[in-house]
Amino acid sequence: MGFRSAVTEVAKNIVLGAPSTLKNHRAQNHQRGKNGRDDDEMEPFDFSHEDEAQRCIELLEHLSNAILPEETLEVLNQLRDCVRESRTSQMVAAKVGGVDVIFECLLEEMQERGAKEEETSEQAHAALEVLVAAMTTEHEEDLKIVKEREMLEEKARGKMMMGKQRIGKERRTASEMNREALAAKSANVFSMLQMISSNDFYVKYHATQILCAMSSRRNTRKKVQEEIVKSPGASEVLVNSCSPRKEKSEVLRNETLLLLARCTKGHSEIQKLVAFEGMFEVAFDIIRAESSGDDAGFAGESVSNGLDGGIVVQDCLELCNNLIRGNALAQSLFRENGCVGKLVQFFKGLERRIGSDVAAAAYPAQKAANALCALESVSLLVGAVNLPEEEDSEFSQDAEAREIILSNLEDNRDTNRGELAARGGIEALCTCALGNGKVESAAIRVAALRALRDAVDYHDANQARLFSAEVTREARKGSGVPEPALLALGRTALKAETKAEREAALMALESAVRGNTDGQILLVSTLAPTGLGGFDDGQNENENDGGDDDFAGETSLGGLFARAMLRATSTSSSSSSSAGRFISEDEKKQQFIESYASTIALKAMLEDNEDAKMRALRVNLQPLSEMGSAKSAELLLPRCVRSLAIAQKMDDANGSLQSAILRLLIAWLSDCALAVHSFVTSDASHLPTLSDLAKYSSLEDVRTLACVCLGCCLAYYGEQDYAIASNVLDVVARRIGTNDFLATIEHATRTDNFKRALLPPKPPPTVTRATAASLLAESTSSPNGGHDQKTGTTSNKDFNPYDYSTAHFIQRFEPEVRRAIVRLYGGDSTKDSNASGMGGMNGMQTSPFDRQEGEDAESYAKRLKSTCEQLDNELRVVRQRNKTLAETVANTRAHAEAPATIAVAAPPASQVVVGPSPSLAPPPPPSVQQQQQHQDDPRIAQLEREIKLKSNIIREKTEELKSLASAYQAVENQFTEAEEELQSLRKARSENQSDAETTAQLLENAKKAGIAQGLRDAESEFSSREDATRARLDLEKAEALKDLQEEMDDLLEVLGMEEKQKEFLFRTLVEKGEDMDTLEEKLEQLTANIEADEGDEDEEEKTI
């Protein structure tokens, strides 16, 4: 700021009395709080440290009135120290408009120096340092606010999953308040973007720091994103600042990477701009340079060690993930630049370095975080199509745009999967997660398994590639032997230490066979165990070498899971093995895990494949050692029902294993009449087992799944199995009740678990610095994941008894089972009720009692007799069924006033565990049946007691209803009286409407007259004040002129006296003999010397 401009500003302040800049900003902030967001409402302003607050305000006032550069620099340095040391000063800067004052000072300095000057003043550097301190300094209280906010956000995510809204306002830190104050004006953000292209390093670095801080939160990040899109060339400047070829400063490069990573989050336009500026090449150049430690040699192609770098590598991969997330164009550019192959090289480097014998015991945390980011890149390219659900995303409101983008991403996903497979990505992911060369980090293995799942899901070529892939497995003598990758996946699903790794392996197996009919049939054909493991007697479990001793000899995936199910159910049925060895708690927990995993895998093999279901019905689980013995063959379907009965002893509190087995049975029985026939006829205990489970289980979801299994038998029976379906319906009506059966299924569709299962699976959280650290911590802290260390149970918040496919099946299955029950009650022997009576020529309906053409009398009589006998039998069955239905309706009417929830009758203590029930037989006569029930079934007495109790409750409720009816009648009378009074008031109002209009017109006229009178009074008062002001100014002017005239008179009098003195001196000198001419010459010379001295002084002042 120049001296002349400073003097001008001082003169203006003295003459006009202008207020300080800080007061103006305080007034603007106050007005902004009234019109928009009230800062005081969001964050209370604490002036407990009054000295610090007053000190900051004085410095801001001093800065707004500073004149000299040295003074401005000193004030800025003091202000920077105050903001860094005191949170109160930091808040004062945001509250009173201090950020605007500092930013205006910065702009003035930049304009004074000029845009093309390479050197920037120290004042500009100091102003930027103050802004950086105000927007990045986090004090102890701010850190507490951040932790509190993270806890609130975690709770809010849980409430949103349960369908609840987030309540309350969040507190803000002092730095966030300063960022919002700077971002309030879009011109400020635009100016900061311009400073990034400055030639001064410190200006670029501090401007990048400020923009990066503003991009850390959603509300201010949106302003920065808008200005980047509007500013021409901003994306190019940012990418060039990251390029090792154009920017040698690593500090500025790293800060710009953070800025781009935050600004590209959820904004497709910036993603496209940055991607087309060559950000992918720049990012992989940085990764190569960071990993090799040498900035030269960017033309090399070897990037196998790219994950060895530090946190900068993670930032580069995170930026690439933000660019390709939900953006088909960026994904195409990523693929065309060969970046997919570079990612595969990363994974190969991981396998070679860590899977070897010389690997370190502790895996480097930063390298693990880099690997997680690289694996997330693969999942974004080949995984489920998802768009960011953030509020600031442009797709959050436009549903049509979302559909178009999703369609483009789905088309692009298949191309990405083909590119990954062509580069060897399937084999590299298998090697990272499976076999002897797997990575020694559970978090990386889980991420690799998820990426493998995404790569093969519903993709025939990649599924075939996974079926043929092999990994190295350690043999008994220490040598490595090849093993199919699918078999290694099965071993991981059964034997992995962490729950997350087991679930990831199961999901990869499900994706490998989902939509792959040939692969399902191939795996089902291998379900019979080979008998090479030697665990049947429990004596050889620890004789084998290797990590999975129990299944070391199994060479097929189906046999692996079949043996796991056999061992779990055979050893759990008794407390000890055949050799007398008791089963420990750890072994029971391991058997529970194996049984659960094998059930999930078997469901995936059978789902939506009728050929595989029919082939599985013929699977014989009898070991090879028992082949040809007198023991009968053990089929898979009866063994599953046995496992369902045994699972109650080994299941957790949520019923995880029972739910898994029931889901397997649902998938097996749905749309497969042969499976329904085998299920009902192979063992008479199957239906009673399911019906008892549906009636007496303490878990609501288990009851629902059991009812769905029974419903599959009702809805999917064969054309010749009408009698079987009728038998199933009789069991349902007698043991459960038709109404309770249907109400159980209908009630399940309204539960939170069912609604969550209908939603598509959510992708894992985005890998950032915070989430990567948490993922690595979880993988090393709890080996059992969500399981309790003591009981092995699963936490309620993570467990869901329904999966995605089962929930959607139940949703469309409910109306089908209702129609099936109506059809069975109607006596239709075929599923198509309209086809039963159609026949003859041209679709003419024929009667079985009509004589057919060419039929003799004897044949006709025999046919009529058999028809009558058949109809008589059907009539007896229908009457019996109608009797059961009438009893059900009567019980329903008796309990009509009971609560709507489904009550489950608890069986006696001796019958808590559901087991095989007696085989079905023709029911005895009613009287004999009632006597047998009273004698044999102890539940009748309990039911009678409950009926008496319910009758008393109904009687009490009836009395309450009568009293409520009388009270309701009184309320009705009062309502009628109030309605009549309202009608009279409305009539009076319509009559007085004209009077109201007249009154309104009078009020309007009076209002106008008052306004006119007020204007006249104001004008008169203004004129009087104006006259008084003019008179006062005239008086002051006259007094000033009078004073000037007096001063002029005094000056003239002084000049006259000096002239007289001069003449007196001349006369005196002449009288003494001096020459007049000589005196005049000396006087002129003296005058010239004085003028010359004054001219020299003026030149010296100008030079200074």
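Reader: Which residues touch the most other members of the largest nonpolar core?
Author: This is a predicted model. Its largest nonpolar core holds 221 residues. The residues that touch the most other members of this core are Met279, Phe280, Phe347, Leu636 and Phe741.

Reader: Which helix gives the most to this core?
Author: The leading contributor spans residues 700–715. It supplies 11 residues to the core. That element is helix H36.

Reader: What does Phe741 touch, leaving aside residues up to four places away in sequence?
Author: Phe741 is among the residues touching the most other core members. Residues up to four places away in sequence are left out of its list. The partners that remain are Cys707, Leu710, Gly711, Leu714, Val732, Ile736, Val817 and Ile821.

Reader: How many helices and strands are there in the chain?
Author: Both kinds of element occur in the chain. The count is 46 helices and 2 strands.

Reader: What share of the chain's residues is buried?
Author: The chain has 1104 residues. A residue is buried when its relative accessible area is under 20%. The buried share is 42%.

Reader: How do helices H6 and H10 pack: roughly parallel or roughly antiparallel?
Author: H6 covers residues 87–95 and H10 covers residues 174–183. Their axes lie 9 Å apart, at an angle of about 20°. Angles under 35 degrees count as roughly parallel. H6 and H10 are therefore roughly parallel.

Reader: Which residues make the contact between H6 and H10?
Author: The crossing of these two helices is left-handed. From H6 come Arg87, Gln90, Met91, Ala93, Ala94 and Lys95. From H10 come Ala174, Ser175, Met177 and Asn178.

Reader: Is Val676 buried or exposed?
Author: Val676 lies in helix H34, residues 673–682. Its relative accessibility is 2%. Buried means under 20%. So Val676 counts as buried.

Reader: How far apart in space are Val676 and Cys709, C-alpha to C-alpha?
Author: In sequence, Val676 and Cys709 are 33 residues apart. Beyond four places in sequence, Val676 touches Leu669, Cys712, Cys713, Tyr716 and Tyr717. Between the C-alpha atoms of Val676 and Cys709 the distance is 9.8 Å.

Reader: Is Gln225 buried or exposed?
Author: Gln225 sits in helix H13, residues 218–230. Its contacts beyond four places in sequence are Arg262, Cys263, Lys265, His267 and Ile270. At 2% relative accessibility, Gln225 counts as buried.

Reader: What is the phi of Tyr458?
Author: Tyr458 lies in the loop between helix H24 (442–456) and helix H25 (460–468). At 56% relative accessibility, Tyr458 counts as exposed. Its phi is positive, in a residue other than glycine, and is near 55°.

Reader: Is Asp608 buried or exposed?
Author: Asp608 is in the loop between helix H30 (585–606) and helix H31 (610–616). Its phi is near 60°, a positive value in a residue other than glycine. Exposed means over 50% relative accessible area. Asp608 has 68%, so this residue is exposed.

How values were computed. Residues are numbered from 1 along each chain as its sequence is written. This is a predicted model: local features need pLDDT of at least 70, side-chain atom pairs count only at pLDDT 80 or more; totals for chains, interfaces and linings use all residues. Side-chain values use heavy atoms; hydrogens and water are left out. A nonpolar core is a set of buried Ala, Val, Leu, Ile, Met, Phe, Trp, Tyr and Cys residues joined through side-chain atoms within 4.5 Å. Buried means under 20% relative accessible area, exposed over 50%, partly exposed in between (1.4 Å probe, protein chains only). Helices (H or I, at least four residues) and strands (E, at least two) are DSSP runs, numbered from the N terminus. Contact means heavy atoms within 4.5 Å. Axes are lines fitted to C-alpha atoms, for helices over the stretch in contact, and angles run from 0 to 180 degrees between N-to-C directions. Angles under 35 degrees count as roughly parallel, over 145 as roughly antiparallel, 65 to 115 as roughly perpendicular and the rest as oblique. A crossing is left-handed if the near helix is turned anticlockwise from the far one by less than a right angle, and right-handed if clockwise.
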